[in-house]
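This briefing describes the strand arrangement, the helix packing and selected residues of one protein model. Please consult the sequence and the structure shown here while reading.

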Amino acid sequence: MLGRIYIARPRANTRFCKIGMTSGREVTDRMQELNSTGYGGFCDWEAIKSVVVINPLEIEKHLHTKYREWKVPLNSEQEVFVIDDIELLFEELAKYNHLSVEEHQEEVLKIKAGMAAAHLAEVTRLRSEVSSLDTKLVRLSSAYTRSQDELRALQRKYEDLLEKSKNNYKKEPQPYKHLRVCCTSCAQRYDVFVAFGQSLTICPNCKIKNSVKNIDWSNS
């Protein structure tokens, strides 16, 4: 895998430097990323040296190990060093500079072309899924419309049946019985018409309620 090993410094404090690598993109893009995230507490990183190499990841690891005594203990993920004699680091980088810029740019173009092809394939797949979902949506919409039509038809049938039942309904006359009741309080006898389901009558003399339960309505 082709890539670049770069040395970057913040303009605010040139005693610090970062030894990093990038593959498939330009060093300037990496600098923008460092500055946008405030890497190492700085937002003004700039690359002062970069070389094209074959195995950038291995070389970066080797350089980090070699200069680990000068690493700033910010955190385990950040690779910031304090190296006063930067020329020594430049000389170290020159040992790995075996590729031309043209070869590196060609590799970058290949990687970008592969990424573009993968992106196009993903877009095509998503479009196919969207088309399939649109088809399902049309079917569901059609089924919903049919169900609504059927529901309205059933509602009309119900209303028609309800109207017919109202027209055909004939209210039966309420049955009554003529009784002669003896008041349980004043012994006054009085005549009364008792409706079906009625269980009490009131004596007209003493106003006491009298029970009229257990009436035989079979002949009413």
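How many bridges join strand β2 to β4? There are 3 bridges between strand β2 (residues 16-22) and β4, and the two run antiparallel. This is a predicted model, in which local features need pLDDT of at least 70 and side-chain atom pairs count only at pLDDT 80 or more, while totals for chains, interfaces and linings use all residues. Residues are numbered from 1 along each chain as its sequence is written, and side-chain values use heavy atoms, with hydrogens and water left out.

**Sheet**
- An open sheet is formed by 4 strands in the order β3-β1-β2-β4, with antiparallel pairing; two strands pair if DSSP finds at least two bridges between them.
- Because β3 (45-53) and β4 (80-82) stand at the edges with a single partner strand each, one side of each is left without a neighbour in the sheet.
- From one strand to the next, the twist averages 30°.
- Helices (H or I, at least four residues) and strands (E, at least two) are DSSP runs, numbered from the N terminus.

**Helices on the sheet**
- Helix α2 (residues 56-66) packs on the sheet and touches β1 (3-10), β2, β3 and β4, contact meaning heavy atoms within 4.5 Å.
- The direction of α2 makes about 155° with that of β2; axes are lines fitted to C-alpha atoms, for helices over the stretch in contact, and angles run from 0 to 180 degrees between N-to-C directions.
- Helix α3 (residues 86-94) also packs on the sheet, touching β1, β2 and β3, and its direction makes about 170° with that of β1.
- Ile-86, Leu-89, Phe-90, Glu-92 and Leu-93 are buried in α3 (buried means under 20% relative accessible area, exposed over 50%, partly exposed in between; 1.4 Å probe, protein chains only).
- These residues lie on the same side of α3, because they cover an arc of only 160° around the axis, the arc being that of the directions from the helix axis to the C-beta atoms.
- The packing partners of the buried residues of α3 are β1, β2, β3 and α2.

**Cysteines**
- Cys-17 has Phe-81 as its bridge partner in β4.
- With a relative accessible area of 0%, Cys-17 is buried, whereas Cys-43 is exposed at 55%.
- The whole structure contains 0 disulfides (pairs of cysteine sulfur atoms within 2.5 Å).

**Arg-30**
- Arg-30 belongs to helix α1 (residues 27-37) and is buried, with a relative accessible area of 17%.
- Not counting residues up to four places away in sequence, Arg-30 touches Tyr-6, Lys-18 and Arg-25.
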